[in-house]
Amino acid sequence: MLDDFVTRAIVAGLMVAVVAGPLGAFMVWRRMAYFGDTVSHSALLGVALGFLLGMNLNLLVTLVCVMVAVILVFLQRRQELASDTLLGILAHSALSLGLVAVAFVEGLRVDLMAYLFGDILAVTRGDLVAIAIGGGVALLLLILLWRPLLAITVHEELARVEGVPVLPVRLGLMLLIALVIASAMQVVGVLLITALMIIPAATARRFARTPEQMALFGAGFGVLAVLGGIWGSFTHDTPTGPSIVVAAMLAFVVLNFVPWPGARRRPRP
Amino acid sequence: MFGATRPARSAHGQDGPVLIQAEALGLARGGRTILDRVSLSVSGGQVVVVIGPNGAGKTSLLRILLGLWQPSSGRISRAPKMRIGYMPQHVQVDPILPLSVRRFLTLRHRASEARLREQMRMVGVPHLLNAPIQTLSGGEMQRVLLARALIGEPDLLVLDEPAQGVDVVGQGEVFGLIDRLRRDTGCGVLMVSHELHLVMAAADVVVCINQHVCCTGRPEEVSRHPEYQRLFPDAGAHGIGIYTHHHDHVHDLAGEAKPVSGVSGKADHAR
């Protein structure tokens with residue numbers, strides 16, 4: 001059954017969507033959209049290093065993303081530069097560094113477009129295994145960290161006084177983000193990964209009454225986006241990664257701006 | 001000066017064990033002295049209130065005692081396995097996060113339905129248990145924060161401006177509740193407050209700080225103390241703490257404290 005490249009693409013996309021949605025909810029709650037972007041842009045550096053060292057790409061992408069994420073957190077703590085300035089500098093520097101590093105890989109023609117925008121139709125059985133492992137570990141980690149992560153998201157100091165080990169939990173979140181980026185890279189590419197996390201979660205807000213509902217609905221909307229994107233890509237011969245993001249965007253627009261019976265209005269702050 | 005050597009007796013019977021004891025705490029940030037040799041201790045069943053003008057270092061002191069910040073100098077000892085219930089001054093949950101009051105209360109400590117209802121009834125907002133937390137008014141939020149601090153059955157309750165945003169009647173209720181709690185559960189209470197008149201009624205020990213400990217003792221002792229009267233000149237006269245004070249020193253551009261020369265023309269802040 002997995003011989004068919006379309007089936008493989010769908011399976012890969014669904015696995016990524018199921019974990020990207022719930023993680024995306026946290027990125028939305030913690031205002032980490034741009035943070036995620038910066039980390040995912042650095043994934044290309046991991047790809048280049050993987051080629052140069054001849055090591056597993058997923059592993060190196062995960063490692064580089066974790067490192068960048070941790071460095072970012074410590075730089076943000078110093079507060080000498082505003083957070084958006086820092087992220088603005090690092091997001092584009094990381095991407096450029098990655099592109100330059102890829103150029104150094106000799107004797108190898110790297111299909112840059114595939115890494116930047118995803119190449120889900122080229123997913124192999126080996127890739128599927130890698131995505132399953134990365135996504136599975138990420139999902140498990142997310143379930144384990146759910147309660148403490150929610151506590152520090154609502155009020156970090158209160159959580160700390162109440163005994164939540166804040167630093168390990170935050171490092172766990174970094175690892176989670178890195179794992180999901182490494183898994184999602186092949187589906188939508190480093191430039192669009194954040195969209196696959198943020199848009200379905202944001203779409204889900206209107207229908208959710210609890211954090212868990214928002215995470216589950218986020219996963220659901222991610223699944224719809226993947227299916228819709230792959231279908232659209234097939235019927236209209238469009239690039240698959242961007243098509244998935246377009247599908248997610250359409251769902252967001254339709255469900256958020258079209259009056260929807262029974263949906264709760266967002267409370268005004 | 002008040003310190004570990006002279007724990008004040010509770011007005012309501014015996015003091016419990018010493019829960020937290022701080023000796024000669026100092027804090028300097030960016031070359032500026034924020035706290036200077038501040039000592040205090042809280043025992044079970046005791047209500048200790050820290051008062052002082054804005055910028056006196058009250059919140060910094062609380063953060064150090066909570067373990068959120070490291071002091072630059074001094075020592076803190078805490079009773080082993082002490083559970084702290086903390087009520088921060090301000091909590092705002094972003095509307096993008098769907099969170100009911102019920103979930104907010106049980107984020108850290110799970111609690112039975114009966115206990116949740118009991119706690120919400122105690123703080124006077126039983127009808128809000130299932131409300132989205134973003135829909136609460138400032139006063140309602142303060143009460144929910146108090147309920148959250150109590151859910152874990154703390155040995156020490158630390159409150160940062162517990163009556164802020166609560167109307168006058170509600171303030172009396174909040175302080176009355178705190179007083180009842182310490183009697184019923186024997187927990188120690190440490191709070192920072194601006195509401196001098198209510199604080200004076202609820203406190204066993206008042207610690208008046210302005211970077212250093214200006215004066216300390218029972219409320220009636222402190223209110224007679226010249227340092228206190230200098231910091232809160234209107235408090236005694238009207239029996240109500242209108243928050244107006246004179247500085248006993250001014251801060252120069254480098255942030256260093258200098259004594260005020262002359263009596264008139266002092267900085268007069270009202271809020």
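Modeller: Of the 271 residues in chain B, 45% count as buried. The model is predicted: local features need pLDDT of at least 70, side-chain atom pairs count only at pLDDT 80 or more, and totals for chains, interfaces and linings use all residues. Residues are numbered from 1 along each chain as its sequence is written, while chains are lettered from A and ligands numbered from 1 in the order in which they are written.

Biologist: What makes B:Glu161 buried?

Modeller: A residue is buried if 20 or more other C-beta atoms lie within 10 Å of its own, exposed if 12 or fewer, and partly exposed in between, with C-beta atoms placed from the backbone. B:Glu161 has 20 C-beta neighbours inside 10 Å, so B:Glu161 counts as buried. Its place is the loop between β6 and α5 of chain B.

Biologist: Why is B:Ala24 called partly exposed?

Modeller: B:Ala24 has 14 other C-beta atoms within 10 Å, and therefore is partly exposed. B:Ala24 is in strand β1 of chain B, and its phi is near 50°, again positive in a residue other than glycine.

Biologist: And what makes B:Val18 partly exposed?

Modeller: The count for B:Val18 is 17 C-beta neighbours inside 10 Å, so B:Val18 counts as partly exposed. B:Val18 belongs to strand β1 (residues 18-29) of chain B.

Biologist: Which residues does B:Val18 contact, leaving aside its neighbours within four places in sequence?

Modeller: Two residues are in contact if their C-beta atoms, placed from the backbone, lie within 7 Å. By that rule B:Val18 is in contact with B:Ser41, B:Ser43 and B:Ala79. For chain B as a whole, among contacts between residues at least 6 apart in sequence, 66% join residues at least 24 apart.

Biologist: How many helices and strands does chain B have?

Modeller: Chain B has 9 helices and 13 strands. Helices (H or I, at least four residues) and strands (E, at least two) are DSSP runs, numbered from the N terminus.

Biologist: How do you know that the span of helix α4 of chain B agrees with its number of residues?

Modeller: The expected span of a helix is 1.5 Å times one less than its number of residues. Helix α4 (residues 138-151) of chain B has 14 residues and should therefore span 20 Å; its end C-alpha atoms are 20 Å apart, which agrees.

Biologist: Is α4(B) mostly covered or mostly exposed, and which elements do its buried residues pack against?

Modeller: α4(B) is mostly covered, as 12 of its 14 residues are buried. Among them are B:Met141, B:Val144 and B:Leu145. The buried residues pack against β5 (84-87), α2 (101-105), α3 (113-122), β6 (156-160) and α5 (168-185) of chain B. Just after α4(B), B:Glu153 takes a positive phi of about 50°.

Biologist: In chain A, what makes A:Ala248 buried?

Modeller: A:Ala248 has 28 C-beta neighbours inside 10 Å and so counts as buried. A:Ala248 is found in helix α12 (residues 240-257) of chain A. Leaving aside its neighbours within four places in sequence, its contacts include A:Ala195, A:Ile199 and A:Phe221. A:Phe221 is 27 residues away along the chain, yet the two C-alpha atoms are separated by 7.2 Å.

Biologist: Why is α2(A) called oblique to α9(A)?

Modeller: The axes of helix α2 (residues 33-41) and helix α9 (residues 166-188) of chain A come within 10 Å and cross at roughly 55°. That makes α2(A) oblique to α9(A). Axes are lines fitted to C-alpha atoms, for helices over the stretch in contact, and angles run from 0 to 180 degrees between N-to-C directions. Angles under 35 degrees count as roughly parallel, over 145 as roughly antiparallel, 65 to 115 as roughly perpendicular and the rest as oblique.

Biologist: Which residues of α2(A) and α9(A) meet?

Modeller: A:Gly36, A:Val39 and A:Ser40 in α2(A) meet A:Ile177, A:Ala178 and A:Ile181 in α9(A).

Biologist: What makes α2(A) oblique to α4(A)?

Modeller: α2(A) and helix α4 (residues 57-78) of chain A pack at about 135°, with their axes 8 Å apart. That angle makes α2(A) oblique to α4(A). A:Phe35, A:Thr38 and A:Val39 of α2(A) make the contact with A:Cys65, A:Val68, A:Ala69 and A:Leu72 of α4(A).
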